[in-house]
Structure formats: C-alpha cells, structure tokens
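Reader: I am new to this structure. Please take me through how its parts meet, and look closely at one place where they do.

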There are 2 protein chains.
Amino acid sequence: MDPIRIAVVGVGKIARDQHLPAIAGNKAFSLAATVSPRDPGVEGVPHAKSLDELIANGPAIDAVALCTPPQVRYDLAVQALSKGMHVFLEKPPGATLSEVVALESRAEKVGATLFASWHSRFAAGVAPARAWLSDRKIEKVSIVWREDVRVWHPGQAWIWEPGGLGVFDPGINALSIVTHILPRPMFLQGATLEIPANRAAPIAADIEFRDTAGAPIHMDLDWRQTGPQSWDIVVETDEGTLKLSNGGAVLTLPSGTEHAEDMEYPGLYARFASLIRGGRSDVDVAPLRLVADAFLRGHRKLVDEFHD
Amino acid sequence: MDPIRIAVVGVGKIARDQHLPAIAGNKAFSLAATVSPRDPGVEGVPHAKSLDELIANGPAIDAVALCTPPQVRYDLAVQALSKGMHVFLEKPPGATLSEVVALESRAEKVGATLFASWHSRFAAGVAPARAWLSDRKIEKVSIVWREDVRVWHPGQAWIWEPGGLGVFDPGINALSIVTHILPRPMFLQGATLEIPANRAAPIAADIEFRDTAGAPIHMDLDWRQTGPQSWDIVVETDEGTLKLSNGGAVLTLPSGTEHAEDMEYPGLYARFASLIRGGRSDVDVAPLRLVADAFLRGHRKLVDEFHD
C-alpha cells in the first residue's frame, strides 16, 4: 500500500516535539509537506506558507495534521476536507463545540476521515486502566493536574485568549482519560474558575463532577505549580484503588505498578492510519463538552495577574 | 385512548402562565398532580411537596413536566425516568450539556419519552419562516433580543447564578428559532459578554456567528431595555428579506405580513403527546451548545452592578 502523504500544518512546539517524530516513525505515512507562515519547515521537505499555497502549488497531499492553535482550525479543516483530504485535529478539536459538530457532518458528506485526537488516551496505562475498571463499582475519583505554565507553555499568548482554554488545555487531557476509562458518563455539578485579572482564561479550577451512578469525581487544576508536577488520577472502587500517574503513563493497581514506554503520538498516528484505511472517523467531543460546561456553569473568581 | 396523567413539577410563573392552561386545553392530557415545596398547587388537584412524596403516595402518573430552575432538573428527570415516566423539560433542558446527553441515553434505555422543549419554535411565524428559507441563499442574519429583565424575571435570583444563563435565558429562545429556520448549521466566531459586577451571569451580549456557507449572523442581547421591547430576527436572502418579530409570532415576507394566534405551549403539549404516542424522544441540544460556546469562547467585560 502506498504511504499516506501527509502535511503538517502549524510547525510549533507540539509539531516538532511530537508529530514530526511520530510521522517519521510510522511507515503508513510519508511527510509530504509542512505549512507555516513563519517557521522554515524541515530540511528536504517541501514547505508552503499557507494551506492555500500548498493546495495551489502542490505537492499532492492525502491528509493534513492541524497543529495550529484551536481558534483557526475550523477554516483549515474545511479547506482540507473540501479537497477530500483526511484531517487529524490536535486537541482540543476546535474553539467551540458547534464547529466540531459541523466539521463532523462535513467529513461524513465528503467521505473523508476526521480524527479528533486525544493524545493522553494513548498513554501507556490508559488501556489497561479502562479494562480493569470496566466491571468494577466506582466509588470516588480524584484528578489532580498541577503544572508550571511557564515551563509547558512559555510565552504562548493564544492559550490565554478566549477559546484557548487556559488551565483546561492540560486539564482536558485528564478529562480525555477519565471519560475513556470510567464505565459511566459523567457530568458537572459545580466549578470555581480562577481567572488572572489580566487574562481571559483560568489559571486554576476546582470542579465537582459525578457519574450517572452518583460517584463523586473531583478535579483540581492548577498552573501555578512549581517544583514537582502532578498529573494523577485516583479511582477508588469496590475492589481497591487504581492510580494513573505521570499523565497516564504509570498505572498502579492493587496488584502492583506497571511502567511502559510513552507511545502517545505513535499510538495516535497508528489510529489515524487505521481510520483512513477503514474509511471511518473518530470524533468524541465529550472532553470539550465538559470544559464548555465548566465555563457555562462555573463560578468565576478573579485572582492575581499572571505575567510570563 | 386514556389521557396521559401528567404532574407539573415546579409551580412558578411559567407553570401558571403557560403549562397549566396548555394542559387544561389538551384532551390528550389530564392534570393528575402538582409538585412544589412551597406553592399550594391547584384547587381540586392532588398536590405533593416533592417528587419523592408523589411517587411514594400517588396518584399514579404517566408523565411529568419539569418547570423548576434548570439547576435541579437532572435529578428530577432521572427519578421520573427510573419509574418509566415520560419527561417534558422546560428550556433550557439542563444546567450543562453533558447532563442532557446523559439523560437522553437514560430515556432511551428505559424506553420513555424525553422532550427537550423550545417553546419559541412553536411561535406562529416559525414554521412558515422555515419553509420559506429552506431553498433560499442566506446572505446575512441579524438577531436583536432586548427586554427589561425587571419586567420578565422580577426577583428571580436563580437566573443570575451560574447555570441560570442570565440574558441567554431569553437569548436561547432566539437561538432555538434561528437553528430551526436556517437551512445550514451555525457556529460561534466571537462574543463579548457583559457581566454585572455583583452577578455571575451576563446582562448583555454581542455575538458573531456564521453559518457553514459563511453567512454572518449577528446577535445583540440586552436585558437593560426599558420602553419598547425587541424580539426580532431579520434574514436577508437572495430573494428578499424575511423578518420575524414579537419573538416569532409575526412573520413579514416580501409578499406581506402574517399575524397568527400565539400557540407556543399548546403546540409544545401537542408535540409531547405525539412523541409519547409514537414512543419517540426529541432532544436537540443545538441552542444550549451555542450558549455554552459563547461562555467558552466569549470575552467577559465587567459592567455596573445590577439590583432588582
């Protein structure tokens, strides 16, 4: 089978750190082009300043990975789908829920694959955690996601703009895991969002969810954590406690701890290839819907200004 | 056919003004009970202080209309569905999107009807407006919804709480019409929400949407309007301008103006009876999803305190 000719659109930190190495490591794909108005791209690979320019001048492309900020993804995705290209959306899949729903029906109409990716679902401990929880009674869940925004998002102004999600940008990773491993749907009961006086998006959040059987799920998000970072999910069940730490990489069950290699982006690209070959899409908006619910229903509290 | 024995839960302004008269006027229903912790109910009709009490002591009920504030609807709906009762949800159908999605699958599981009602869709001009627009090219849409909150929501504290939606409580009526009459889906591009310094929910909003063909849709919501009130939707098309005014009651087409009788709640109950008889549900979250998107992506601007 010929490899899928893919263009990476938006050559920022996540594209260089994750997408380009994952594409290079997967024989189902060949990197056909990069697209960025500023970044020079990758040596030896055709580069265009815009998706327009790429479509006009070639080379031929079968699929695009959209690694731009979410606020501009919709138009790029529509443009790509209109040419019959398959589309990989970095998380979150859009700046609004409605645009993702609209994209989904557009992809269906043109018969192209749309993949709303959630990289944390491919962390090593997630699949076994899901399997272990599938037939257990969930009693209580605690999510603690505390990191230093200056380390992980240095100078990224877009992340503080409306649509950039603030601390929910990492927090949605936790939600993508929890909605995947818990056997029942969850919904929000109440939330407090802490917004720096000089920004539009929250720097911290405290959220109460519960699942449809009533089990409480507490989430603690904070971007002001210096020192050790925390990306932990603890699930108490009728048969003991499950803990996912390091963002899903390390799984601890009552029987012991499993460490496995980080395969998030390789896992995503394997999934994208399989969706394309199977003529299917995968668009789960549940994590973004929970974040929208937090903005819709949360109390807002103004806190100290944040400066990079 | 025996009438559907219905209980009205939450006997506030909307129940007395609209639900009770609409039920009294529809032979498919008989009012079997009212439920309210404070309100004395209706003379000659059994009354319970809570849904628990009604379920424990009877009379037998086939369906409930939930007219409580949205923040408490989920638990009541789950309780009713668990007894196999059909559920009519006032708008908005919940305080969060995720709980409505969860309710929808629960109703499906127990084989009961769930009806997420949008009363403005039953305003007299809406069905003919939808028919007229169905094969026209939409060029531009303007929504102006300006009313005096002191007149329409006197002293209703819950509407200013998180989950109460503020000016989107009436604004969602406009969105329920627009999403119903426009031939293409729409999504949000940007929004400014004006929040009184002493409240959690917006008193005004300015929002830019567009449809999936690119037509701009502007919405102007304001709760500080004294004097004449405005509930107008103007749709410019390639074959002239359509105007819906008075909240959808009055339709003006290039050929002239149609006035018709207000049949919103009678229309809703006719629909609910038909859904129950047909074993179907009707849960369209699109209007609430657009509101969630406005909270997710909107700029917030603090404005003067609001006091009733």
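**How the parts meet**

Author: Start with the two chains. Of the interface residues of chain B, 97% are also interface residues in chain A, so the copies meet through the same surface. Keep in mind that this is a predicted model. Chain B can be laid on chain A by a rotation of 180°, with 0.0 Å of shift along the axis. The RMSD of that superposition is 0.0 Å. The two copies are thus related as by a two-fold rotation axis.

Now go inside chain A, to the contact between its domains. The domain assignment gives domain 1 as 4-116. Domain 2 is given as 123-260 + 292-303. Taken over C-alpha atoms, the centres of these two domains of chain A lie 27 Å apart. Eight residues from domain 1 of chain A take part in the contact, with 12 residues from domain 2 of chain A. Between them, the two domains of chain A bury about 700 Å². Carbon and sulfur atoms give 63% of that area.

What about charged pairs? The rule finds one salt bridge across the interface of domain 1 and domain 2 of chain A. There is also a salt bridge to look at between A:Lys91 and A:Asp169. Their closest N and O atoms are 3.5 Å apart. A salt bridge here requires a distance within 4 Å, so this pair qualifies.

Next, pick out A:Ile14. This residue sits in helix α1 of chain A, which covers residues 13-24. Leave aside residues up to four places away in sequence, and A:Ile14 touches A:His19, A:Cys67, A:Glu90 and A:Tyr265. Take A:Cys67 from that list. A:Ile14 and A:Cys67 are 53 residues apart in sequence. In space, 7.1 Å separate them, C-alpha to C-alpha.

Finish with a helix in the other chain. Helix α4 of chain B runs over residues 97-110 and has 14 residues. From its first C-alpha to its last, α4(B) reaches 21 Å. That is close to the 20 Å expected at 1.5 Å a residue. Which residues of α4(B) are buried? They are B:Leu97, B:Ser98, B:Glu99, B:Val100, B:Ala102, B:Leu103 and B:Ala107. After α4(B) comes B:Gly111. The phi of B:Gly111 is positive, near 70°.

How values were computed: Residues numbered from 1 in each chain as written. Chains lettered and ligands numbered in written order. Predicted model: local features only at pLDDT ≥ 70, side-chain atom pairs only at ≥ 80, totals over all residues. Heavy atoms only, no water. Least-squares fit on C-alpha atoms with pLDDT ≥ 70 in both. Contact = heavy atoms within 4.5 Å. Helix = DSSP H or I, 4+ residues; strand = E, 2+ residues; numbered from the N terminus. Expected span 1.5 Å × (residues − 1). Buried < 20%, exposed > 50% of the residue type's maximum accessible area, 1.4 Å probe, protein only. Domains from an automatic or database assignment. Buried area = accessible area lost by both parts, 1.4 Å probe. Salt bridge = Lys/Arg side-chain N within 4 Å of Asp/Glu carboxyl O.
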